Amino acid sequence: MSLEPRIVKESFNRIEPDGEKATAYFYGRLFAENPRLRALFPPAMDLQRDRLFHALTRIVWSLDSPETLSAYLGQLGRDHRKFGVLREHYPAVGDALIATLRRFAADEWTPEAEAAWREAYRTAAAIMVDSAEQDAAQSPPWWVAEVVEHDRRAPDLAVITLRTAQPLPYRAGQYVTVQTARWPRVWRPYSIANAPRSDGLLRLHVRAVPGGWVSGALVRHTRQGDTVSLGPAMGTMTLDPDGDRDLLLVAGGTGLSPLKAIAEQVIMAGRRRDVHLVVGARTERDLYDLPDLRLLESSYPSLRVVPVLSDEPDSDGPRGPVSDALERLHDWDGHDAYVSGPADMIRRTVGELQRLGMPLERVHHDLLEADKLAVPSVPASPSRL
Ligand SMILES: NC(=O)C1=CN([C@@H]2O[C@H](COP(=O)(O)OP(=O)(O)OC[C@H]3O[C@@H](n4cnc5c(N)ncnc54)[C@H](O)[C@@H]3O)[C@@H](O)[C@H]2O)C=CC1
């Protein structure tokens, strides 16, 4: 049977307004019928519910674009290895999903809809399982990493350097998920802040967000010598290896992390490209990495680092939200842009770059799933079915 994206989308549209109730029902049913599966999930399920819905939305809207779907599900399948998910777990998830749709799609639920969903789920699960099994031949399900340096740059911010026991392949601009001993089964995404190095060290920039389990543990309760677990590298906000256009990198807060990796990658590639790294921060004190960035700038004459302060009306340099400063800084015609930071900042910056005439396909961003940006073309971070 072929995929029927239209039928799947129609019934999904019907349940979308009830997304929260539907996902709660889904997990309730899954765990009631398969109590042993509960152990694969984190103790608190709130964020998990959002992730499921986010992943489903992405899958449903990519059904008629096989390449995007396959790339996304392949990544999702590989990432699920770290949760201990196996081929035999998928049918139970599929049954709970169909039962949920049957209940919430109500009058849209027909035998055709059920057949279309079963086929869509079968296809999605097969891609995830195949990708996980292929990955198992060459990579561990997760990587153990030792903290070799913990640099607390502010009460709520740390730059953490990690050494993995086995090499963890990644590209500049990608992120990994991190699990700490303090919160088993809770994984959170952080971008890697350096280009791949011969000694394999990885650096993360972590801000402890209010109520953040993993970020709080990483900033306040992690010391040199501790170990953390890392999931596989993910994300598509990477450099085109053949690209040669000048670059505009726009960072908000710790969103600097992947852009610093990209700037380092450009420098290491040795090809001359002008790079503007525009770093948005609230105050002077929040420019937590400026000395390092200035060092990078002094080693590469084509790199210009421009801090923009949003909450310091008296500062001499560019002021205001980082998106608003771009027009005055330079003519961005012919540039590729990479944008990383809080979701609203990304939205505004992407909108501003479009207004300034930059074609959308030259604006790269990789919204972390927690930010829940309603842009269907945006790649998401790890989610679990
Ligand atoms: N730590 C990491 O590896 C990564 C973090 N991120 C995301 O970056 C964000 C960093 O947050 P914070 O450091 O607390 O940054 P923040 O909230 O202090 O904001 C820093 C700057 O971003 C700009 N900005 C913020 N909101 C804006 C808006 N609505 N419009 C225009 N500009 C705006 C401003 O210039 C502001 O000074 C988080 O959302 C995080 O998820 C993204 C990628 C990687």
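With 16 C-beta neighbours inside 10 Å, E114 counts as partly exposed; a residue is called buried if 20 or more other C-beta atoms lie within 10 Å of its own, exposed if 12 or fewer, and partly exposed in between, with C-beta atoms placed from the backbone. The structure is a predicted model, in which local features need pLDDT of at least 70 and side-chain atom pairs count only at pLDDT 80 or more, while totals for chains, interfaces and linings use all residues. Residues are numbered from 1 along each chain as its sequence is written. E114 belongs to helix α6; helices (H or I, at least four residues) and strands (E, at least two) are DSSP runs, numbered from the N terminus. Leaving aside neighbours within four places in sequence, E114 is in contact with I98 and W109, where contact requires the C-beta atoms of two residues, placed from the backbone, to lie within 7 Å. The C-alpha atoms of E114 and S11 are separated by 9.5 Å, although the two residues are 103 residues apart along the chain.

S11 is itself one of the buried residues of helix α1 (residues 5-15), together with I7, V8, F12 and I15. Seen down the axis of α1, these buried residues fall within an arc of 130°, so they line one face of the helix; the arc is that of the directions from the helix axis to the C-beta atoms. R6 and N13, on the other side of α1, are exposed. The cover over the buried residues of α1 includes α2 (19-33), α3 (46-61), α5 (90-105) and α6 (111-136).

Several residues in the neighbouring helices and loops were examined individually. E16 is found in the loop between α1 and α2 and counts as partly exposed, with 13 C-beta neighbours inside 10 Å. Between the C-alpha atoms of E16 and A105 the separation is 9.1 Å, and along the chain these residues are 89 residues apart. In helix α2 lies Y25, which is also partly exposed, with 16 C-beta neighbours inside 10 Å. Y25 touches T100 and R103, not counting residues up to four places away in sequence. By contrast, Y25 and R355 are 43 Å apart in space, C-alpha to C-alpha, and 330 residues apart in sequence.

Backbone angles were considered next. Most residues other than glycine have a negative phi, and most peptide bonds are trans. A106 has a positive phi of about 40° although it is not a glycine. This residue, A106, lies in the loop between α5 and α6 and is exposed, with 12 other C-beta atoms within 10 Å. R185 also has a positive phi, near 70°, in a residue other than glycine. The loop between β3 (175-180) and β4 holds R185, which counts as partly exposed with 15 C-beta neighbours inside 10 Å.

The domain assignment of the protein gives domain 1 (5-136), domain 2 (143-230) and domain 3 (246-367); such bounds come from an automatic or database domain assignment. The C-alpha centres of domain 1 and domain 3 lie 37 Å apart.

The largest nonpolar core has 63 residues, of which L249, V250, I262, L277 and V278 touch the most other members. A nonpolar core is a set of buried Ala, Val, Leu, Ile, Met, Phe, Trp, Tyr and Cys residues joined through C-beta atoms within 7 Å. Helix α8 provides the largest share of this core, six residues. Domain 2 and domain 3 both give residues to the core, so it lies between them. Not counting residues up to four places away in sequence, V250 touches V278, V322, L326, A337, V339 and T349. Apart from this core lies another, of 30 residues, among them F26, A55, L56 and Y72.

The ligand is surrounded by 26 residues, the closest being G252, G253, G280, D344 and M345; a residue is near a molecule or strand if its C-beta atom, placed from the backbone, lies within 6 Å of it. Domain 2 and domain 3 both give residues to the shell around the ligand, so it lies between them. At least two residues of this shell are supplied by each of β4 (188-191), β5 (202-207), α8 (256-269), β8 (275-281), α10 (322-329) and α11 (343-355). By class, the shell has 10 nonpolar, 12 polar and four charged residues. In this classification Ala, Val, Leu, Ile, Met, Phe, Trp, Tyr, Cys and Pro count as nonpolar, Asp, Glu, Lys and Arg as charged, and the others, Gly among them, as polar.
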